[in-house]
Amino acid sequence: MSLINNRLVVKTGMSKNFRYVLIHLFFLAIVVACVAQAQAQMPTKTASQRLVLTGSSTIAPLAGEIARRFESLHPGVRIDVQTGGSSRGIHDVRKGIAAIGMVSRALKPDEADLQAFTIAQDGISIIVHAGNPVITLSRKQIADIYTGRITHWNAAGGTDARITVVNKAEGRSTLELFLDYLQLKNSEIKPHVIIGDNAQGIKTVIGNPHAIGYVSIGAAEYEARRGAPVRLLSLGGVEASVENVRQGIFPLSRPLNLVTSSEPQGLVRRFIEFARSPQVHDLVRAQYFVPVNAD
Amino acid sequence: MREMKNIHTAQVLRERAVQFLIYVAVLLISAVFIWILADLARGGIAHLSWEFLTESPRDAGRAGGIASILVSTLLILLVALLTAVPVAWTSAILLVEFVPADSPFGKTVRFSLHVLAGVPSIVFGLFGNAFFCIYLGLGFSILSGGLTLACMLLPILTSTAEAGLRAVPHAYRMSASALGMTHTAALVHLILPAAAPVLAAGLLLGIGRALAETAALLFTSGYVERMPDSLLDSGRALALHIFDLSMNVPGGDMPAYASALVLAGLLLCINITAMKFAHGLQRRKIMT
């Protein structure tokens with residue numbers, strides 16, 4: 001009731017209100033125009049081909065570079081690289097959300113429904129701070145450190161300082177590969193720090209002279225060469241280097257795979273073939289991985 | 001007499017001590033801000049150039065610039081604000097002006113907003129991925145990212161706007177009624193301008209949170225660093241780019257610093273503009 005009364009009273013203020021309505025209509029028009037434009041661009045996009053990749057954050061930067069080169073060679077093709085971890089890549093390919101998954105390890109027996117195509121090799125190195133006198137550790141010593149049986153560096157040939165154990169987060173392929181190498185379960189590991197990506201692991205070890213961690217060899221070698229205080233430990237008598245991964249003698253290495261749910265066809269097939277061809281070897285090396293020779 | 005003097009000195013001392021502590025607290029806050037800014041400037045200024053702002057990233061972000069990422073970030077922000085601000089502010093107006101403060105409806109809405117404000121951003125990310133990307137079929141796109149952010153911004157924008165509107169003296173509303181203004185006219189000409197600085201502050205908090213968001217956008221607006229053609233393209237946000245460069249790309253530290261510097265600069269600019277605008281609005285509408 002009072003509302004109706006009020007409206008009658010302020011008839012004179014109508015022109016001002018009207019201006020506000022006009023302004024709002026104007027903004028509405030802009031929004032509608034934006035949406036309309038977005039819709040108008042839809043048909044052109046469905047006409048062009050689009051490919052979605054999801055998965056391993058280790059592969060994502062490399063895949064992004066390969067995708068850029070592929071797009072420049074094939075106008076009208078769009079390749080969207082998303083990230084989130086290997087497990088996510090497998091999940092999304094199975095669900096059909098992504099055409100190609102990126103998985104930075106070999107497929108497990110229960111993933112036999114997928115097809116894997118290796119685009120590069122990567123090694124995993126144990127890293128310590130450069131100020132740490134330890135040069136090498138046996139597999140048993142590493143396992144003991146990670147399960148908390150060795151808690152001080154002097155038990156492994158170092159100074160009398162408490163070891164900070166840096167472990168990778170659940171779902172990371174690096175973690176799975178590492179556990180597989182040590183024949184351990186993740187629940188047995190007693191970590192002090194849990195990290196996500198490689199550069200984060202290196203930063204953690206650089207910032208803590210008593211830390212031990214494990215990261216991708218390429219990334220660690222790059223940082224060590226740039227003078228970062230980090231040392232790569234040799235494993236089983238083999239020096240941790242990209243070269244030894246290339247030769248296949250380093251014990252802790254993994255394939256970087258593109259996976260699909262069925263035999264790849266059309267665009268997916270062309271992209272996978274391109275990613276395995278010598279045309280992208282410079283890109284693989286630029287991301288500190290080891291190129292593979294597709295047969 | 002001597003005792004009196006002693007009490008007096010004690011009071012002065014206490015006064016001084018409190019004053020000193022207050023100054024220390026203020027200095028500490030400014031020091032943290034200046035430290036962050038100085039650290040960013042020290043690490044990033046050498047890498048910053050006009051090309052950095054106008055080129056697209058190359059070599060996983062180590063080379064090239066951040067032009068496409070800036071565009072994506074601003075588009076995501078625009079979508080989020082265009083969606084969240086009208087909804088949030090109108091619900092705040094409803095809560096303050098049209099619903100009694102202690103009605104069950106108002107309480108329910110307020111409670112759900114508080115719960116929403118406490119939800120971690122990764123949960124919003126997963127929700128956005130499941131709802132916008134997959135269920136609504138928007139895919140990894142700027143639209144999905146913006147809408148997910150809009151959900152995150154709703155509680156901040158609504159609560160701040162509500163507090164701002166409640167802070168407007170009740171006498172304003174009475175006077176407006178006495179002068180025969182309609183409810184709407186009073187709202188548009190008096191109450192909203194009076195609350196404008198608080199609304200702007202809330203908006204800034206929201207923009208800050210939106211620009212800083214990483215986790216929620218990883219699964220919604222995605223990781224693609226290409227220049228977006230439309231709102232349905234995937235586009236990487238600036239915060240996500242910084243995270244990826246510093247955590248996932250070896251040798252990405254310099255561009256990460258420079259990008260962070262750009263992000264901080266962007267936030268400062270937006271802050272200053274919004275504050276100026278809000279004060280201008282308040283003065284134009286009320287003071288004259």
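Biologist: In what order do the elements of chain B run from the N terminus on?

Modeller: In this predicted model, the elements of chain B follow the order α-α-β-β-α-α-α-α-α-α-α-α-α, read from the N terminus. That gives chain B eleven helices and two strands.

Biologist: What does the secondary structure of chain A come to?

Modeller: Chain A has eleven helices and eleven strands.

Biologist: What box do the C-alpha atoms of chain B fill, and what share of its residues is buried?

Modeller: Taken along the principal axes, the box is roughly 75 × 60 × 35 Å. Of the 288 residues in chain B, 40% are buried. For chain A, with 295 residues, the buried share is 39%.

Biologist: Where in chain A is confidence lowest, and where is it highest?

Modeller: The mean pLDDT is lowest in helix α1 of chain A (residues 2-9), at 42, and highest in strand β3 of chain A (residues 100-103), at 94. Over residues 1-14 of chain A the pLDDT is below 50, and this stretch has ten contacts in the model beyond near neighbours in sequence. Residues 40-47 of chain A also have a pLDDT below 50, with four contacts beyond near neighbours in sequence. Chain A as a whole averages 83, and 83% of its residues score at least 70.

Biologist: How is a pair of packed helices described?

Modeller: Two packed helices are described by the angle between their axes and the distance between the axes. Let us begin with chain A. Helix α7 of chain A (residues 198-207) and helix α8 of chain A (residues 217-225) pack at an angle of about 45 degrees, their axes being 9 Å apart. This angle makes α7(A) oblique to α8(A). Their crossing is right-handed. The residues in contact are A:Asn198, A:Ala199 and A:Ile202 of α7(A) with A:Ala219, A:Ala220 and A:Glu223 of α8(A).

Biologist: At what angle do helix α5 and helix α6 of chain B pack, and which residues meet?

Modeller: Helix α5 of chain B (residues 121-135) packs on helix α6 of chain B (residues 142-167) at about 135 degrees, with the axes 9 Å apart. Here too the angle makes α5(B) oblique to α6(B). The crossing is right-handed. From α5(B), the residues B:Ser121, B:Phe124, B:Gly125, B:Gly128, B:Phe132 and B:Cys133 meet B:Ser144, B:Leu147, B:Thr148, B:Cys151 and B:Met152 of α6(B).

Biologist: How do helix α7 and helix α8 of chain B cross?

Modeller: The axes of helix α7 of chain B (residues 170-178) and helix α8 of chain B (residues 183-212) come within 11 Å and cross at roughly 160 degrees. Angles over 145 degrees count as roughly antiparallel, and α7(B) and α8(B) are therefore roughly antiparallel to each other. This crossing is right-handed. B:Tyr172, B:Arg173 and B:Ala176 of α7(B) meet B:Ala186, B:Leu190, B:Ile191 and B:Ala194 of α8(B).

Biologist: Which residues of the largest nonpolar core touch the most other members?

Modeller: This core has 136 residues, and those touching the most other members are A:Leu53, A:Ala63, A:Ile127, B:Ala80, B:Leu153 and B:Leu157. Consider A:Ile127 in particular. Leaving aside neighbours within four places in sequence, A:Ile127 is in contact with residues including A:Ile202, A:Val205, A:Tyr214, A:Val215, A:Ala220 and A:Leu232. Of these contacts, A:Ile202 and A:Ala220 also take part in the packing of α7(A) and α8(A).

Biologist: What is the phi of B:Asp59, and is this residue buried or partly exposed?

Modeller: Phi of B:Asp59 is near 50 degrees, a positive value in a residue other than glycine. B:Asp59 lies in the loop between β1 (57-58) and β2 (63-64) of chain B. With 18 other C-beta atoms within 10 Å, B:Asp59 is partly exposed. B:Ala60 lies in the loop between β1 and β2 as well, and its phi is near 60 degrees, again positive. B:Ala60, however, has 26 other C-beta atoms within 10 Å and is buried.

Biologist: Where does B:Arg42 lie, and how far is it from B:Leu261?

Modeller: B:Arg42 lies in helix α1 of chain B (residues 2-44). B:Arg42 is exposed, with 11 other C-beta atoms within 10 Å.

How values were computed. Residues numbered from 1 in each chain as written. Chains lettered and ligands numbered in written order. Predicted model: local features only at pLDDT ≥ 70, side-chain atom pairs only at ≥ 80, totals over all residues. Core = buried A, V, L, I, M, F, W, Y, C linked by C-beta atoms within 7 Å. Buried ≥ 20, exposed ≤ 12 C-beta atoms within 10 Å, placed from the backbone. Contact = placed C-beta atoms within 7 Å. pLDDT = per-residue confidence, 0-100. Helix = DSSP H or I, 4+ residues; strand = E, 2+ residues; numbered from the N terminus. Axes fitted to C-alpha atoms, helices over the stretch in contact; angles between N-to-C directions. Parallel < 35°, antiparallel > 145°, perpendicular 65-115°, else oblique. Left-handed = near helix turned anticlockwise from the far one by under 90°.
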